[in-house]
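Here is a short report on one protein model. Look at the fold before reading the details.

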Amino acid sequence: MYLMSITIGLLGLLIGSFLNVVIYRVPRGESIVTPGSHCPACGHYLRAWELVPVVSFLIQKGQCRNCQARISWRYPMVELLTGVLFYLTVALSFGMEIHPARLLLNLVFVAVLIALAFIDLDTFRLPDVLTLPLLGLGLLGAFLIPGNPTGWESVLSALGAGGLFWIIARFYPQGMGLGDVKLVAAMGAFLGFPSIFLAIFIGSFLGALIGIFLLLAGRKGFRQQIPFGPYLALGAILALFWGTQIFDWYWTWAR
């Protein structure tokens with residue numbers, strides 16, 4: 001089991017490299033298939049040995065070998081983050097009797113959340129090309145794959161959470177976009193009830209906490225936009241990994 005977790009974690013490094021392409025190209029409306037990976041500064045096409053996750057960045061000292069342009073630290077960070085989260089997705093599932101297809105679905109969920117979080121950080125947008133397929137995949141998986149949430153629970157969670165955020169976006173469009181609505185609906189489809197509300201609570205709490213810190217530190221003004229997607233994604237991942245334990249702890253403590 002441990003070997004399987006490590007293997008999936010290493011696979012996550014490779015998926016993280018692909019997610020970097022998604023994060024860069026999707027907001028620009030570019031194909032994620034062609035052309036091949038290249039330096040955005042000089043157009044140099046990267047060879048296979050220049051695409052080894054994390055290692056190539058370290059060997060090249062964070063520079064393009066052709067033009068010496070700086071490579072963002074975000075590239076190895078996304079690769080490492082994806083590897084770690086893939087490892088945890090598998091490792092934390094041991095003993096929980098999760099259907100293999102459900103585990104695969106969770107890995108896809110985590111990967112898309114990572115891409116959406118970083119795209120939102122860059123552009124303050126959550127593109128439909130990612131949120132809507134994620135919603136559809138969550139609903140379809142709930143109906144076809146045994147486990148939690150069940151099909152109709154997935155539908156109701158998506159409608160309930162998405163509907164709540166739609167109302168907020170309707171009356172407070174400056175603070176909530178439709179992209180957040182679609183992301184929350186997708187989260188509801190994957191997490192079900194009550195985990196979706198735990199995810200929203202965690203995301204909202206962290207978003208408010210960090211927003212206040214940025215305001216006090218002078219990094220953001222009251223009228224400046226703060227992306228909410230990364231905090232929602234973090235809340236969803238924490239609820240996916242430890243939602244059951246958090247609820248068990250809460251009910252034990254509440255007694």
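The sections below cover the model, its core, its helices and its loops.

## Basis of the model

This is a predicted model, where local features need pLDDT of at least 70, side-chain atom pairs count only at pLDDT 80 or more, and totals for chains, interfaces and linings use all residues. Residues are numbered from 1 along each chain as its sequence is written, and side-chain values use heavy atoms, with hydrogens and water left out.

## Nonpolar core

The largest nonpolar core holds 55 residues. Such a core is a set of buried Ala, Val, Leu, Ile, Met, Phe, Trp, Tyr and Cys residues joined through side-chain atoms within 4.5 Å. Buried means under 20% relative accessible area, exposed over 50%, and partly exposed in between (1.4 Å probe, protein chains only). Phe109, Phe165, Met187 and Leu191 have the most contacts inside this core. Helix α4 (100-123) gives the largest share, 14 residues. Helices are DSSP runs (H or I, at least four residues), numbered from the N terminus.

Met187 touches Phe109, Gly192, Ile196, Ala199, Leu232 and Ala236, leaving out residues up to four places away in sequence. Contact means heavy atoms within 4.5 Å.

## Helices

The axes of α5 and α6 come within 7 Å and cross at roughly 150°. Axes are lines fitted to C-alpha atoms, for helices over the stretch in contact, and angles run from 0 to 180 degrees between N-to-C directions. The two helices, α5 and α6, are therefore roughly antiparallel (angles over 145 degrees). Residues making the contact include Leu135 and Phe143 of α5, and Trp152 and Val155 of α6.

Helix α8 has 22 residues, which at 1.5 Å a residue should span 32 Å; its end C-alpha atoms are 32 Å apart, in agreement. The expected span is 1.5 Å times one less than the number of residues. Buried residues of α8 include Ile196, Ala199, Gly203 and Gly207.

## Loops

Ser93 sits in the loop between α3 and α4. Its relative accessibility is 7%, so Ser93 counts as buried. The Ser93 side chain reaches the backbone oxygen of Val90 at 2.6 Å. Beyond neighbours within four places in sequence, Ser93 contacts Ile98 and Leu103.

Cis peptide bonds join Thr34 to Pro35, with omega about -5°, and Phe193 to Pro194, with omega about 5°. Pro194 lies in the loop between α7 and α8. Lys61, a residue other than glycine, has a positive phi near 55°. Lys61 is exposed, at 65% relative accessible area. Gln68 also has a positive phi, near 65°, but is partly exposed at 45%.

Technical notes: Polar contact = N/O pair within 3.5 Å; in protein donor to acceptor, adjacent residues only side chain to side chain. Parallel < 35°, antiparallel > 145°, perpendicular 65-115°, else oblique.
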